[in-house]
Amino acid sequence: MAHTMRLFWAVQYPPEQGKKLIAWLKKHTNSCIHPKVSGVRWLDPAFLHCTLHFMGAFPIDAIPAMVEQVNLLVLRGEAGMFQAELGPWHLLPRPAKARVLALSLEPKLELSALADLVRKAAIKAQSATVMVRDGEGAQHYTQQAAMHYQRANYKKAFFAHLSVARGKPASLQQLYPELVELPKRLQGFTVEKIVLIASELHSRGAQYDVVATVALERAEDI
């Protein structure tokens, strides 16, 4: 029986806008027909997102407390709706070892604040979830594991970006020079909520499911 779930908090790019973005990229690159860059896989347009905080294997029993804490912090006015905008292209984690094609995301201040908010909520919820190993030796989280999680995520570097494709370094490096600035209609969107997503790994990539949604307050309501 599973006691953990592979989770992350994220800001989602609007799915309908995501379909238009991926369609535009396919049209404005030759990655579908050029043999040298055929190793590029465009990501699911319905789940394009900016990861705020990746938690890895997170204790299922701690999920409700974490979501409740995030909701509470939002209601207290620590986060609200804002306009986001896609910026320059990036090869991540770095050009020489690129595995991901992404666009940077602004504004850094608001996105970093959201990332810090959900990170603190995750640490607090996990630290309060103390479990012991049962008689069958099933894997459980202990207070020691929670402390290790907190240390590993303390002041972790955050770079706001929207991944749009994955591939081999050589393929992404050859695709990169073809990329141009996105049209204005695809650059901006309103961040109205944050989502908790479960990620299950498969041979063809990760399968995503939304576990929880937290709506952000309008600026005039905060």
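## Proline loops and cis peptide bonds

Pro107 sits in the loop between S5 and H3. In this predicted model, the peptide bond that leads from Glu106 to Pro107 is cis, with omega near 5 degrees.

A cis peptide bond also joins Leu92 and Pro93, where omega is about 5 degrees. Pro93 belongs to the loop between strand S4 (82–92) and S5.

## Strand S5 and Ser104

Strand S5 covers residues 100–106 and contains Ser104. Ser104 has 8% relative accessibility and therefore counts as buried, the cut-off being under 20%.

Apart from neighbours within four places in sequence, Ser104 is in contact with Glu85, Leu86, Gly87, Pro88, His90, Phe159, Ala160 and His161. One of these, His161, is also among the residues that lie nearest the centre of the largest pocket.

## Strand S6 and its partners

S6 is largely enclosed by the rest of the structure, because six of its seven residues are buried. S5 pairs with S6 in the antiparallel sense over five bridges. Within that topic, Val100 has Arg166 in S6 as its bridge partner.

S2 pairs with S6 as well, again in the antiparallel sense, over three bridges. Here Trp42 stands opposite Ala165 in S6.

## The S8 and S9 hairpin

S8 and S9 form a hairpin, with two residues between the strands. Their pairing is antiparallel and runs over ten bridges. As one example, Ala198 has Asp209 in S9 as its bridge partner.

In soluble globular proteins, nonpolar side chains tend to be buried together. The largest nonpolar core in this model has 59 residues, and Trp9, Leu101 and Val164 touch the most other members. H3 gives the most to this core, with eight residues.

A second, separate core has five residues, including Ala10, Phe47, Val195 and Ile197. One of these, Val195, also lines the second largest pocket.

## The largest pocket

Rolling a probe the size of a water molecule over the atoms shows where empty space is left. The largest pocket holds about 1100 Å³ of space. Its lining has 36 residues, and those nearest its centre are His49, Thr51, Phe54, His161 and Arg166. The elements that give two or more residues to this lining are strand S1 (4–12), strand S2 (40–42), strand S3 (49–59), helix H3 (108–127), strand S6 (161–167) and strand S9 (205–215).

S3 gives the most to the lining of the largest pocket, with five residues. By residue type, the lining divides into 15 nonpolar, eleven polar and ten charged. Arg166, one of the residues nearest the centre, is the bridge partner of Val100.

## The second largest pocket

About 190 Å³ of space lies in the second largest pocket. S1, strand S7 (188–191) and strand S8 (193–202) are the elements that give two or more residues to the lining.

S7 provides the largest share of this lining, with three residues. The lining of the second largest pocket divides into seven nonpolar, two polar and two charged residues.

Conventions. Residues numbered from 1 in each chain as written. Predicted model: local features only at pLDDT ≥ 70, side-chain atom pairs only at ≥ 80, totals over all residues. Heavy atoms only, no water. 1 Å grid on protein atoms, 1.4 Å probe; cavity = no way out; pocket = protein on both sides within 12 Å on 5 of 7 lines; lining within 4 Å. Points joined across faces, edges and corners; volume = space filled by probe spheres on them. Helix = DSSP H or I, 4+ residues; strand = E, 2+ residues; numbered from the N terminus. Nonpolar A, V, L, I, M, F, W, Y, C, P; charged D, E, K, R; others polar. Buried < 20%, exposed > 50% of the residue type's maximum accessible area, 1.4 Å probe, protein only. Contact = heavy atoms within 4.5 Å. Core = buried A, V, L, I, M, F, W, Y, C linked by side-chain atoms within 4.5 Å. Pairing = 2+ DSSP bridges.
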